[in-house]
Amino acid sequence: MKNKMIGLLFFLVLAGSFLTVFNRSVEIKKIEPKEIIKSTLFINIENDIEIIENEEANLLDGITSSKDSIITISISSTKNLKVGTHFIIYTAKNKKGETKTAKRKITVKEKIIELALANENYPPNIILKNNVFEAGINTKIPYFYADAYDSFDGYVTVYVHNNININKAGLYDVVFEAFDKEGLSSKVVEKFRVVDNIAPTITTFTNTSNGTWTNQEVNIEIDATDYETGLNKIEYSFDNINWTKIKSKKLTFKEEQNTKVYVRAIDNALNISSVLETNVQIDKTAPESLDKSDIYIEMTKEQEIVTLDTKATDNLSGIEKTVPKCTIDSTTEGLTICEIDIYDYAGNITKITKNIYVKDTKAPTITSTNIIIYKEKFTNLLDTLIIDENSKDPVTVNILNSNFINEVGKYQVTFEIIDAKGNTSTTVVNYEVKEELTIPPVEETLSTLQP
C-alpha cells in the first residue's frame, strides 16, 4: 500500500512538470458548437383524385407547398389515362435546390352512357330544310321541304298545310306534320309572309288648264288605289325632291306663276307609284303695248294682206297674236283709224287704237333696161318702155340724154319718170337696132331639115 501511494505521487509530480513545459507554447481555444438550420421545404397532398375517363382534372387542387417552392408533376393531363388506378409524383423544389416529393393516387372510372330502352317509342323528329318563308304578291307559293325520322319506323312522310293567299299581303301559317305507325305525331308551325311589292296606281290626274297658260285658277285632282295593303297617302312636290302630303286629293293654285307640279302615291307597305307631272301656268296680266306711233303702209297696185307690226311685251306667257279690227285698202292712199287687239298665250287682251296711213312713196320704174328694136318697125322710143307704177294715174317720161339714131347699132338713152305724187326715178336703157326680121317660108325651112 505504501509503495502504491509513492508511485502515484511520483506520477502526479511528473505529469505536472510536463504540463508546465507545454503550456508555454500551445494556445488552447474553446470550440463553439455549430448551429444546425432546419429546412422549411414541404409539400402536402390533401386528397386523392377520382375522375371519369377522358375527363380533365385540375391536378393542383388540394396541393399545398412552401411559398418559395416550384412544383412539377409527372403528368400534364388526365384525359388520356386509362380506366384504373394511377399514381402521380409531385416534386417541390426551393431556391436552395432542395427537393421533396409526394405521391398522389388518381382513380379513372369508366364512362357509362345511358341508352333509352329499346321498347320506348318517341314521336318523329321533323327537320326543316332550306325553306323560303317570304314571297311577293302575285308570285308563286314556294315548295316547302322537311324530313321526319322516327326511332322505330325510320323516315316517315311529312305533311305540309298552309292557308297562304298569295294575292294578299300578310302573315300565314305553314304547318309541318309527321306521324309514325303507332300514331305518335309531331308538328312544326312556321310563319310565311306575303310581301306587298306592288306600287299603288294613280287613277285620277286632271288639270283644269291641261298644263297650258290660263288666266283662271288651276285645280289639279289626284286619286290613287292600292289593292294589296291599301293606300297610305298622296304627295306633291315642286322639285321632285321635297314632298308634301295632299289632304283632300285636290290642289288649287290662284296666283300668277309658271310652276311644274309632281305627284306620287304611297301604299302601306311604302311602295311608291310612278311620278306624274304637269304644269301650272297662270298669267292674269294683259300684254303691254310698246309702240303707240302711227303705222305707214306702202300703197300697192293690187290689194294685199296687211300685216301690222305692233310691238308689245308680256312677261309671263308671251305675245300670241295681234288682231286688227279694221279693213285696210292697200290700193288707195288714205287714213284708217284701226282698233287692234293684242293677245297673250293666257288669253289676256290689250286693246289699242292706231292711225294707219296708206301712202304712195314708191317711184315708178322701167322694168326692162335692154331693148332690141328693128329699124323698119321703129316709131317712138316711149312706145318701147314698160313702166311699173303703183297708182293708176298717168306718169311723165322725159329723155335726159340720148345718142339714139334709127340705124343699126347700139345706143343708150336716159329716161326720167315722174308719177302724180312727184315720185321720180331715172333709168338708163340700152338699145340695139337691128335690120328687119326675116322669117323664111315654112316649106323651105322644112326642106333644109331633110337629109
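Me: How many residues sit between E31 and E32 in their hairpin?
Reply: There are 6 residues between E31 and E32 in that hairpin. Keep in mind that this is a predicted model.

Me: And how many bridges join E31 to E32?
Reply: Strand E31 (residues 396-402) and strand E32 (residues 409-418) are joined by 6 bridges, and they run antiparallel.

Me: Which residue in E32 is the bridge partner of Ser-402?
Reply: That's Val-413.

Me: OK, switching to the open sheet of 3 strands. What's the strand order?
Reply: The order is E14-E16-E19, and the pairing is antiparallel. At the edges you have strand E14 (201-207) and strand E19 (250-253), each pairing on one side only. From one strand to the next, the twist averages 10°.

Me: How many bridges do E14 and E16 pair over?
Reply: E14 pairs with strand E16 (residues 218-225) over 6 bridges, in the antiparallel sense. One place to look is Thr-206, whose bridge partner in E16 is Glu-221.

Me: New topic: rings. How many aromatic pairs does the structure hold?
Reply: It holds 11 aromatic pairs. One of them is Phe-144 with Phe-192: the ring centres are 5.9 Å apart and the planes are at 85°, so this pair is edge-to-face.

Me: Where do Phe-144 and Phe-192 lie?
Reply: Phe-144 is in the loop between strand E8 (134-136) and strand E9 (146-150), while Phe-192 is in strand E13 (residues 185-195), so the pair ties together parts that are 48 residues apart in sequence.

Me: Are Phe-144 and Phe-192 buried or exposed?
Reply: Both of them are buried. Phe-144 and Phe-192 also belong to one aromatic cluster, together with Phe-133 and Phe-176.

Me: What about charges over rings? Which ring does the charged end of Lys-103 sit over?
Reply: The ring of Phe-87, with the charged end of Lys-103 at 5.5 Å from the ring centre. There's also Lys-321, whose charged end sits over the ring of Tyr-343, 4.9 Å from its centre.

Me: Next up, cysteines. How many disulfides does a search of the whole structure find?
Reply: The search finds 1 disulfide. Cys-326 and Cys-338 form it, with their sulfur atoms 1.9 Å apart.

Me: Left-handed or right-handed, going by the torsion about the S-S bond?
Reply: The torsion for Cys-326 and Cys-338 is about -95°, so the disulfide is left-handed.

Me: Where do Cys-326 and Cys-338 lie?
Reply: Cys-326 is in the loop between strand E25 (319-324) and strand E26 (334-344), and Cys-338 is in strand E26 itself, so the pair ties together parts that are 12 residues apart in sequence.

Me: Is Cys-326 buried or partly exposed? And what's the relative accessible area of Cys-338?
Reply: Cys-326 is partly exposed, because its relative accessible area is 22% and the cut-off for buried is under 20%. Cys-338 has a relative accessible area of 0%, so Cys-338 is buried.

Me: Last one, Thr-350. Which strand is it in?
Reply: Thr-350 is in strand E27 (residues 349-359). With a relative accessible area of 14%, Thr-350 counts as buried.

Me: What lies 2.4 Å from a polar atom of the Thr-350 side chain?
Reply: The backbone oxygen of Pro-287 does.

How values were computed. Residues numbered from 1 in each chain as written. Predicted model: local features only at pLDDT ≥ 70, side-chain atom pairs only at ≥ 80, totals over all residues. Heavy atoms only, no water. Pairing = 2+ DSSP bridges. Helix = DSSP H or I, 4+ residues; strand = E, 2+ residues; numbered from the N terminus. Axes fitted to C-alpha atoms, helices over the stretch in contact; angles between N-to-C directions. Phe/Tyr/Trp six-rings, centres within 6.5 Å; stacked < 30°, edge-to-face > 60°. Buried < 20%, exposed > 50% of the residue type's maximum accessible area, 1.4 Å probe, protein only. Lys NZ or Arg CZ within 6 Å of the ring centre and 35° of its normal. Disulfide = S-S within 2.5 Å. Polar contact = N/O pair within 3.5 Å; in protein donor to acceptor, adjacent residues only side chain to side chain.
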